[in-house]
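Hi everyone, thanks for coming. Please have the sequence and the structure open while I talk, and stop me whenever you like.

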Amino acid sequence: MEKNWWKESVVYQIYPRSFCDSNSDGIGDLNGIRSKLDYLHELGINVIWLSPVYKSPNDDNGYDISDYQDIMDEFGTLDDFDRLLEEAHALGIKIVMDLVVNHTSDEHPWFVESRSSKNNDKRDFYIWREGKDGGTPNNWGSCFSGSAWEYDEKTGMYYLHCFSKKQPDLNWDNPRVRDEVFSMMTWWCEKGIDGFRMDVISMISKVEGLPDGKIEGNSGFGGLENTTNGPHVHEYLQEMNRRVLSKYDIMTVGECAGVTIEEAKKYASLDGKELNMVFQFEHVGLDYDEHGKWSDRRFDLKELKANLSKWQNELEGKAWNSLFWDNHDQPRIASRLGDESPISAKAVATVLHFMKGTPYIYQGEELGMTNCRFGKIENCRDIEEINAYKDLVGSGKMTAGDMMAGIEAKGRDNARTPMQWDATENAGFTTGKPWIMVNPNYKEINAEAELKDKNSVFHYYKKLVALRRRSEWSDLIVYGRYRLLDTDSSEIFSYTRELDGRKIFVLCNLTDKEVGYKSEFVKEKSLLVSNYKDAYLRDSMTLKPWFAAVWEV
């Protein structure tokens, strides 16, 4: 196994709008992030992934970009960014940017020109089509509800938007689009950034001819199969690698909706022709139901273990895994898989952080932050939630109560409530009015209290990070082979990692009750970590609720 710094890293994702506000306008910013670098250094992470900070009208919280080479006014200036990069590097922390190039904002100069006339020089930068039979060009649906086509009166044609109508899709089949994107990426690399997380990068190549898709569920619209993992996606990423990525020592991770294991082996092949790793989303779709994500259904542990283990085993020696529970698009894992107690947050973390791959911590996850009880749709800010509420409640497919329960269980705003720094008003996030409500439990769950408490979730995460990055077991944790144990248990998640004759055993009870357990290992060499004081390995044990321990055996 070839060693690389990005395999041995632990990444911390920051959602800038909700992290720390330095100027009291209720919105987090770059100087707020800079003020918390010592906190991140204390946690021990060595890479920050910044959600988009580029100029944007904010229809989709910065994922609609109007200028790739400038900073959103609310977040600061390019000078502020340069200072953040310099101070992070001084602490040994790298910064990975969010690259959003499947689409731009409709306020980007390219699109303003593109829609101005049919013969404009930039018309072919986007995907324009004539209507069909008095309607849209095909039956594709937007990921944010409704049709993926928007009619533009000025030129009498439709443009494609797989997300919001203010996020028109770029036409990657046009080599001039690729030239512009690669030039912009090079500009950021020359600035000194350390990599890219690539938003919905599996969607940059659409099926040729744009045929109707299979209608999914009861939406009436075609599915994603024609917009993901398209015919030229690997060709375009290999071109990106040749022209930009291979020239710098950077880390790349692709967000790949709809990716299969076979596709992931291409995107993240160890031959280094495309990306270092991908985000796949199979495991975070396992608790969906007939309404998709809008339900409070819980994970089935056997199904979850089988899925995560499939990715561990089938990418072994072929591609690299990225490991995550939380991000800006997912609810809080302390609520989703745990029971919101600190002991369960530690157990859930243990499961993830000893797997093979690069782990990602989302802001507040290291504190055990939980989902928020929003109460009513007026307290929500996410365009996906608001559109789905209008669609499903308005059509009578769901009651308002059931839909709010689904939002409070799976909605994206759960991850976007402000970071909980202390017990003062607004959780120490801002002295202004926060752009989104603060989770009311900030007086119990906050960084200031957890830094003082050596038994806190924060200090447990700090230990997990140190074990992976700076311990006698680091190579084993990063590079060892994975083997799932107790496959038929719906209570226990256990596995081993093995390298060069050394082995660690990870044992977690993911329930709120005691569970009897018979172990194939009868004695430990050493205890690496546990969320209980008395974590002795025996062949016959009674595991306390949410028990987690890792031993060398």
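**A walk from a loop to the inside**

Let's start with Glu378, which sits in the loop between strand S13 (358-362) and H11. One thing to keep in mind as we go: this is a predicted model.

Is Glu378 buried or exposed? Glu378 has a relative accessible area of 54%, and exposed means over 50%, so Glu378 counts as exposed.

Val351 takes us to helix H10, where it is one of the buried residues. H10 covers residues 342-353, which makes 12 residues. From the first C-alpha to the last, H10 reaches 16 Å, close to the 16 Å expected at 1.5 Å a residue. Why do we call H10 largely enclosed by the rest of the structure? Because 10 of its 12 residues are buried. Among them are Ser344, Lys346, Thr350 and His353, along with Ala345 and Leu352.

Next, please look at Arg336, in helix H9 (residues 333-336). Arg336 has a relative accessible area of 5%, and the limit for buried is under 20%, so Arg336 is buried. What is Arg336 in contact with, leaving aside its neighbours within four places in sequence? The list includes Asp287, Tyr288, Arg298, Phe299 and Lys410.

**The nonpolar cores**

In soluble globular proteins, nonpolar side chains tend to be buried together. Here, the largest nonpolar core has 126 residues. The members that touch the most other members are Tyr12, Leu50, Met97, Met185, Phe196, Phe354 and Phe493. Take Met185 as an example: not counting residues up to four places away in sequence, Met185 touches Leu99, Phe196, Met198, Met240, Val244 and Leu245. Apart from that core lies another one, of 16 residues, with Trp5, Trp49, Val96 and Phe279 among them.

Now for the open spaces. The largest pocket holds about 1600 Å³ of space. Its lining has 50 residues, and the closest to the centre are Cys143, Leu224, Tyr288, Lys293 and Glu384. By class, the lining has 17 nonpolar, 18 polar and 15 charged residues.

The second largest pocket holds about 370 Å³. It is lined by 20 residues, and Asn4, Trp6, Ile250, Gly272 and Asn276 lie nearest its centre. Here the classes are 9 nonpolar, 7 polar and 4 charged.

**Cavities**

How many cavities of 30 Å³ or more does the structure hold? There are 5. The largest cavity has a volume of about 80 Å³. Residues that line it include Gln280, His283, Trp311, Phe324 and Leu352, and Leu352 is also one of the buried residues of H10. Helix H8 (301-314) and strand S12 (320-323) each supply at least two residues of the lining. That lining has 6 nonpolar, 5 polar and no charged residues.

The second largest cavity holds about 60 Å³. Met1, Leu315, Trp320 and Lys356 are among the residues that line it. In this lining, 4 residues are nonpolar, 3 polar and 2 charged.

Notes. Residues numbered from 1 in each chain as written. Predicted model: local features only at pLDDT ≥ 70, side-chain atom pairs only at ≥ 80, totals over all residues. Heavy atoms only, no water. Core = buried A, V, L, I, M, F, W, Y, C linked by side-chain atoms within 4.5 Å. Buried < 20%, exposed > 50% of the residue type's maximum accessible area, 1.4 Å probe, protein only. Contact = heavy atoms within 4.5 Å. 1 Å grid on protein atoms, 1.4 Å probe; cavity = no way out; pocket = protein on both sides within 12 Å on 5 of 7 lines; lining within 4 Å. Points joined across faces, edges and corners; volume = space filled by probe spheres on them. Nonpolar A, V, L, I, M, F, W, Y, C, P; charged D, E, K, R; others polar. Helix = DSSP H or I, 4+ residues; strand = E, 2+ residues; numbered from the N terminus. Expected span 1.5 Å × (residues − 1).
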